[in-house]
Amino acid sequence: MVNREILNECPWCFSENKKSWGRVVRNFKAVVCEGCGLIYIENRLNSDGLKEYYKNYLSIIHQDNKQEIQDRWKMYILENRHITNYISQGKILDIGCS
């Protein structure tokens with residue numbers, strides 16, 4: 001498939017033993033490694049596919065709807081207030097699901 005690469009081994013432990021996990025979404029297939037349990041996309045976007053996806057990402061996905069932008073900022077403020085109840089100093093690193 002164009003702009004995709006197939007992972008024949010787990011990106012974490014390099015095991016080749018895997019089985020399907022969940023359902024196929026937009027032709028992306030999730031698998032679970034039978035060696036370490038990591039769940040990953042078997043047919044992920046390659047570097048060209050990622051460049052194409054992110055080329056218009058902000059304008060199409062995150063900045064197209066003004067109400068969603070306002071709602072997102074409210075969500076960030078609420079999350080920050082909640083998290084800072086549990087820490088007294090330092091910084092917060094939010095790691096996304098991808």
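Helices (H or I, at least four residues) and strands (E, at least two) are taken here as DSSP runs, numbered from the N terminus. The structure is a predicted model, in which local features need pLDDT of at least 70 and side-chain atom pairs count only at pLDDT 80 or more, whereas totals for chains, interfaces and linings use all residues. Residues are numbered from 1 along each chain as its sequence is written, and side-chain values use heavy atoms, with hydrogens and water left out.

Asn27 is placed in the loop between β2 and β3, and its phi is near 70°, a positive value in a residue other than glycine. Arg26 is found in the loop between β2 and β3 as well, with a phi near 50°, again positive in a residue other than glycine. Most residues other than glycine have a negative phi. For accessibility, buried means under 20% relative accessible area, exposed over 50%, and partly exposed in between (1.4 Å probe, protein chains only). Arg26 counts as exposed because its relative accessibility is 72%, while Asn27 counts as partly exposed because its value is 40%.

The side chain of Arg4 reaches the backbone oxygen of Asn27 at 2.8 Å and the backbone oxygen of Arg26 at 3.4 Å. Contact is defined as heavy atoms within 4.5 Å; leaving aside its neighbours within four places in sequence, Arg4 is in contact with Arg26, Asn27, Phe28, Asn43, Arg44, Leu45 and Asn46. A salt bridge is a side-chain nitrogen of Lys or Arg within 4 Å of a carboxyl oxygen of Asp or Glu, and in assigning charge Lys and Arg count as positive and Asp and Glu as negative, with His and the chain ends not counted. Arg4 is buried yet has no salt bridge, the nearest side chain of opposite charge being Glu42, 9.5 Å away.

**Strand β3 and its partners**

Two strands pair if DSSP finds at least two bridges between them. Strand β2 (residues 18-20) pairs with β3 in the antiparallel sense over three bridges, and the bridge partner of Lys19 in β3 is Val32. On the other pairing, β3 and strand β4 (residues 39-41) are likewise antiparallel over three bridges, with Tyr40 in β4 as the bridge partner of Val31. β3 and β4 form a hairpin with five residues between them, and Gly37 in the turn has a positive phi of about 90°.

In a regular strand the side chains alternate between the two faces of the sheet. A nonpolar core is a set of buried Ala, Val, Leu, Ile, Met, Phe, Trp, Tyr and Cys residues joined through side-chain atoms within 4.5 Å. The largest one is made up of five residues, namely Leu7, Cys10, Val31, Cys33 and Tyr40. Leaving aside its neighbours within four places in sequence, Leu7 is in contact with Lys18, Tyr40, Ile41, Glu42 and Arg44.

**Salt bridges**

Side chains of opposite charge can pair when their charged atoms come close. By the rule given above, the count comes to four salt bridges, and the table lists some of them.

| Salt bridge | N to O distance |
|---|---|
| Glu5 and Arg44 | 2.6 Å |
| Glu42 and Lys18 | 3.0 Å |
| Glu52 and Lys55 | 3.3 Å |

The side chains of Glu5 and Arg44 meet in a salt bridge. This pair links distant parts of the chain, with Glu5 in strand β1 (residues 4-6) and Arg44 in strand β5 (residues 43-45), 39 residues apart. Glu5 counts as partly exposed because its relative accessibility is 30%, and Arg44 counts as partly exposed because its value is 37%.

The salt bridge between Glu42 and Lys18 also links distant parts of the chain, with Glu42 in the loop between β4 and β5 and Lys18 in strand β2, 24 residues apart. Glu42 is buried, with a relative accessible area of 15%, whereas Lys18, at 23% relative accessibility, counts as partly exposed.

Glu52 and Lys55 are separated by about one helical turn, because they are three residues apart in helix α1 (residues 47-55). Glu52 is partly exposed, with a relative accessible area of 47%, and Lys55 is exposed, with a relative accessible area of 53%. Elsewhere, salt bridges that share partners join Lys18, Lys29 and Glu42 into one network.

**Asn80 in helix α3**

Asn80 has its place in helix α3 (residues 66-84) and counts as partly exposed because its relative accessibility is 42%. Asn80 and Ile92 are twelve residues apart along the chain, and their C-alpha atoms are separated by 8.9 Å.

Note on methods
Polar contact = N/O pair within 3.5 Å; in protein donor to acceptor, adjacent residues only side chain to side chain.
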